[in-house]
Amino acid sequence: DALAAALPAVRGSARVTGTDPEGTYKALEQYGVDLTAAAREGRLDPERINEAVVNDHLYTRRWPDPDLALVRFSTGQHEVPVLPLAPPGERPKLLAGNVSGYASRWPTAWQTVPLIPAWPDAQALLRLSAALWALGRWEYGHGGDGDAHLTQADEVLNEGLQHHPDNTIALNNLGLIAGERAAFLLSQGSDPTPSLTQGRAALTRVLALSPDDPYAHTNLGQLWRIAAEWEERQGRSPEQALLEAHRALARALTLNPADAEAATTQGLCYLIESRVAHSRRRSPMAALARAEAAIRRALASNPAYPEGKHALARVHLERAAALAGQPQRALEQLEEGLRVLAELPSTPATAALIGELELSRAARATGGARQAAAQRAASALSAALEGNRWLAARLTPLLEEARRLASLPTSP
């Protein structure tokens, strides 16, 4: 009865005569807020809007694809740079506009983020550094000069820290940039230690100011993971670095259990442990099981996370290597790894991993099956090398082996 009595106050005497009765009463206009209209009329605080978007997409790093694009969010009087999801494989595009004095001091071949004069300088610097970091990351992944952009981002952040020395976001981003550079150096067989030291110093300052910052713990764990892999490649024990990595990542996941990057990095640490076990003639299977469990937790939080899928495919690749005496089970692992990658966008990193899986499959096959797998491996590895010249040192020997297997006679 109460509901029936209240309805006339809302609907009046009108009757339902169409398929969209609620539209007749403009319920959204009555009971909601039109943010688009408010933005156009200048009634929204662009700082708050942008912080929400940047925090969601940049600092939590929850985008499903690592490639970023910067677009314009216009509020009429302001042009606010934000970080939305980018179409897979596209180069990040920096916004058109004037960057005050920064454009002349850090020139790039690409347009830069417009600063809003009314905003605090620290916020403008953070946005500019984020844009440069995104561009540098993309360049590293596609054969370009990522270091030039990361150096610019470093300079921007350090200038901001001269005026705001306790800005934990700027310090965290310094650690993130150092990790990006260290990972690249590691991929080229160069010593990442100076970058790792720089990154750890920045993140140690973050944790002194904010001990429960989950992203600082994640970034610190990533730096220690890279250090462990460098030690492994140099024939030294990575155990101390792995201990530090696990400590930081466990703390990160306690503070933020849904952190897909922390869980994936944890899985990569277990992968290092599996290789160390194998080199010491111990079974790597327990460490591989822990790696898979950690990475699957990451993918449960973010099913489209490409780094997580890459890591999971590598678990299957390394498990296949450990099953050398069981060819059928090894082939099943390789096929599972390929299925993991099947839905990812085509990037040089994905193509490289597909090539490795197919090459491993070719090495276990005979006749026509071997030739077909080797040809697929050669095609994928060639595509990876074409897309990213920085992969040459690692992939060129694999491509040569794929072509050799493809050329072998197909008769038993």
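## Close-up views of side-chain contacts

Glu335, Glu358, Arg361 and Arg376 are linked in a network of salt bridges. A salt bridge here is a side-chain nitrogen of Lys or Arg within 4 Å of a carboxyl oxygen of Asp or Glu. This is a predicted model, where local features need pLDDT of at least 70 and side-chain atom pairs count only at pLDDT 80 or more, while totals for chains, interfaces and linings use all residues. Residues are numbered from 1 along each chain as its sequence is written, and side-chain values use heavy atoms, with hydrogens and water left out.

**View 1. Arg376 forms a salt bridge with Glu358.** Their closest N and O atoms are 3.0 Å apart. Arg376 lies in helix α18 and Glu358 in helix α17 (residues 348–364), so the pair ties together parts that are 18 residues apart in sequence. Helices (H or I, at least four residues) are DSSP runs, numbered from the N terminus. Arg376 is partly exposed, with a relative accessible area of 38%, whereas Glu358 is buried at 6%. Buried means under 20% relative accessible area, exposed over 50%, and partly exposed in between (1.4 Å probe, protein chains only).

**View 2. Glu292 and Arg319 meet in a salt bridge through their side chains.** The N to O distance is 2.9 Å. This pair links distant parts of the chain, with Glu292 in helix α14 and Arg319 in helix α15 (residues 306–322), 27 residues apart. Glu292 is buried at 16% relative accessible area, and Arg319 is buried at 11%.

**View 3. Tyr140, Phe184 and Trp390 form one aromatic cluster.** Let's take the cluster pair by pair. Rings of Phe, Tyr and Trp (its six-membered ring) pair if their centres lie within 6.5 Å; planes under 30 degrees apart count as stacked, over 60 as edge-to-face and the rest as tilted. The structure holds two aromatic pairs. Tyr140 and Phe184 are stacked, 4.1 Å centre to centre with 15 degrees between the planes. Phe184 and Trp390 are edge-to-face, at 5.0 Å and 85 degrees. Phe184 lies in helix α9 and Trp390 in the loop between α18 (367–387) and α19 (392–407), so this pair ties together parts that are 206 residues apart in sequence.

**View 4. The charged end of Arg389 sits over the ring of Trp390.** The charged end is 4.0 Å from the ring centre. A charge sits over a ring if NZ of Lys or CZ of Arg is within 6 Å of the ring centre and within 35 degrees of the ring normal. Trp390 is partly exposed, with a relative accessible area of 23%.

Notes: Helix = DSSP H or I, 4+ residues; strand = E, 2+ residues; numbered from the N terminus.
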